[in-house]
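Hello, and welcome! Shall we look at a structure together and talk it through, step by step?

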Amino acid sequence: MGEVAQHPNIELITYAEVEDVKGYVGNFEVTIRKKATYVDWEKCTGCGHCMEICPTKVPDEFNCGLSNRKAIYIQFPQAVPKKAVIDPEHCLYHKTLRKTGKKVCQICSKGIPAKGIEGCPAGAINYDDEDKFIKIKVGSVILATGFKVMDKKHFPEYSPEHPDVLTSMEFERLLSATGPTEGKLKRLSNGEKPKKIAFISCVGSRSEKHHTYCSKVCCMYMLKHARILKEKYPDIDLYLFFIDVRTVGKDFEEFYVYTKQLGAKIIRGGRVAGVEPTPDGSLRIKAYDNDLCSPIEVNVDMVVLATAIEPGPDTEKLSKIFSVSIGKEGFFKEVHTKLYPVETSAKGVFIAGCAQGPKDIPDSVAQARAAASAAAALVIPGQIRFEAITAEVDPEKCSSCGICVNLCPYNAIVLEEVNGQYKAKVEAALCAGCGTCAAACPSRAITFHGFTTEQVLAQIEAITADL
Amino acid sequence: MSWEPKIVVIACNWCTYAAADLAGSLRYKYPPTACVVRVPCSGRVEPEFIVEALVKGADAVLVGG
């Protein structure tokens with residue numbers, strides 16, 4: 001990410017949302033809302049002083065709510081750009097200002113003079129910041145908006161409210177040096193190091209009840225977690241519950257075999273029936289073991305649920321903004337699974353990564369490169385080839401009724417002013433060549449190249465000639 | 001010989017025409033009295049096409065799209 005931010009040909013716009021898109025392939029005009037940060041990023045050095053002195057604590061989204069951040073914060077230590085933002089939802093100044101109109105707190109800018117604590121050393125805090133709207137012109141667009149981890153609350157059978165039942169993402173943060181425990185493995189219920197950990201796969205994936213698709217990455221990251229734990233803490237017992245192990249990919253099978261050799265216990269046998277808290281504070285797993293051909297029960301100290309990959313929260317909104325279709329599972333839909341894997345129904349809009357469907361890092365990188373190439377190849381020549389089969393309006397015959405404008409499924413027709421009169425005009429770049437306009441035009445003002453009325457009538461005449 | 005109706009088939013390029021093409025590839029048979037006119041989309045079909053076919057003597061018109 002740092003390299004991207006430094007690249008002379010890449011402009012990185014963060015903390016922003018796409019509001020609207022106009023135009024068509026080669027000529028998109030994108031309206032972007034740059035959210036108010038309340039911090040002048042020109043001045044902010046990313047020192048983190050404001051985060052230390054801010055009195056308001058908020059659950060940290062980056063650590064899945066397992067730790068707290070402040071109301072002024074840098075999202076995570078490696079954030080690019082490393083600049084602070086104020087969260088106006090929780091900031092005491094903004095909250096009080098909204099409620100009573102009074103200006104309170106302001107510790108991040110002014111410090112606490114009584115205690116000798118200084119505010120922002122760069123003087124970067126600006127409480128009056130507002131959302132800014134910018135417009136940029138681009139030739140093509142790549143949607144790579146990622147995914148969301150399925151919430152564990154949907155699985156009451158796995159005791160999701162128990163502090164020692166975590167999702168894989170929460171567990172990942174628990175293992176991280178920048179996580180809530182600074183990398184120390186401990187149970188969130190009592191702070192002790194767990195002796196037995198169970199991992200449960202396909203939580204929400206491959207299920208008629210939730211998502212029918214396979215989330216693709218869970219088997220491998222469960223094995224990764226097992227391997228990290230076994231290499232660091234060989235005395236921990238690990239139980240990995242799978243429906244079946246799917247380690248498809250280069251070197252993945254070897255990774256699986258190696259993890260088994262480290263001593264992680266692999267249990268295959270369909271979906272785990274339930275996780276129940278026991279009176280002694282442990283968690284009882286009820287499952288079935290195919291190899292033993294028998295139901296099994298194991299008591300563990302911690303349970304990690306590999307919850308499904310779900311489409312990102314804004315996928316539907318973006319699909320409407322960019323006129324890109326989405327599949328039944330809610331991911332962006334490609335034109336063809338095999339032949340056009342990064343193209344979408346909107347010409348000039350491409351997709352990559354988990355926004356298109358669940359995939360791992362190698363697949364995401366490969367698809368991102370494909371999308372980048374496709375997007376660049378479309379724009380670099382400076383001109384685009386179109387099908388010759390398009391509609392054309394004869395302005396002499398056009399009666400300005402506008403019937404075609406509303407009928408066009410591709411919004412390719414607009415009424416344009418010519419010498420004081422509004423005449424229909426077909427934008428060739430958007431015309432998909434359906435001919436609906438030509439059939440509907442009451443003035444016969446639209447010529448449909450390749451399938452003119454005369455041509456079709458001549459064919460019908462030829463067919464019926466011998467009758 | 002029994003009477004067979006003469007049918008003018010106006011077929012969308014993307015579905016009906018592709019299906020007729022596939023029928024040919026699969027060696028399926030359909031009567032020679034059904035004659036296909038390809039259009040880019042059933043949206044291209046003007047009422048006049050249908051009326052013209054019937055006026056010129058077709059027994060039926062099939063618009064597929």
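Predicted model: local features only at pLDDT ≥ 70, side-chain atom pairs only at ≥ 80, totals over all residues.

Colleague: In the open sheet of chain A, which strands are the edge strands?

Modeller: Let's start with the order. Three strands form this sheet in the order E14-E15-E16, with antiparallel pairing. An edge strand pairs on one side only, and in chain A that holds for E14 (274-277) and E16 (294-300).

Colleague: Is A:His94 buried, partly exposed or exposed?

Modeller: This residue sits in helix H3 of chain A, which spans residues 92-100. A residue is buried with 20 or more other C-beta atoms within 10 Å, and exposed with 12 or fewer. A:His94 has 19 such neighbours, so the residue counts as partly exposed.

Colleague: How far apart in space are A:His94 and A:Leu457?

Modeller: In sequence, A:His94 and A:Leu457 are 363 residues apart. In space, taken from C-alpha to C-alpha, their separation is 70 Å.

Colleague: Now to chain B: what pattern does the chain follow along the sequence?

Modeller: Chain B holds two helices and three strands. Read along the sequence, these give the pattern β-α-β-α-β.

Colleague: And what percentage of the residues of chain B count as buried?

Modeller: The C-alpha atoms of chain B fill a box of roughly 35 × 35 × 10 Å along the principal axes. Chain B has 65 residues, and the share that counts as buried is 28%.

Key. Residues numbered from 1 in each chain as written. Chains lettered and ligands numbered in written order. Pairing = 2+ DSSP bridges. Helix = DSSP H or I, 4+ residues; strand = E, 2+ residues; numbered from the N terminus.
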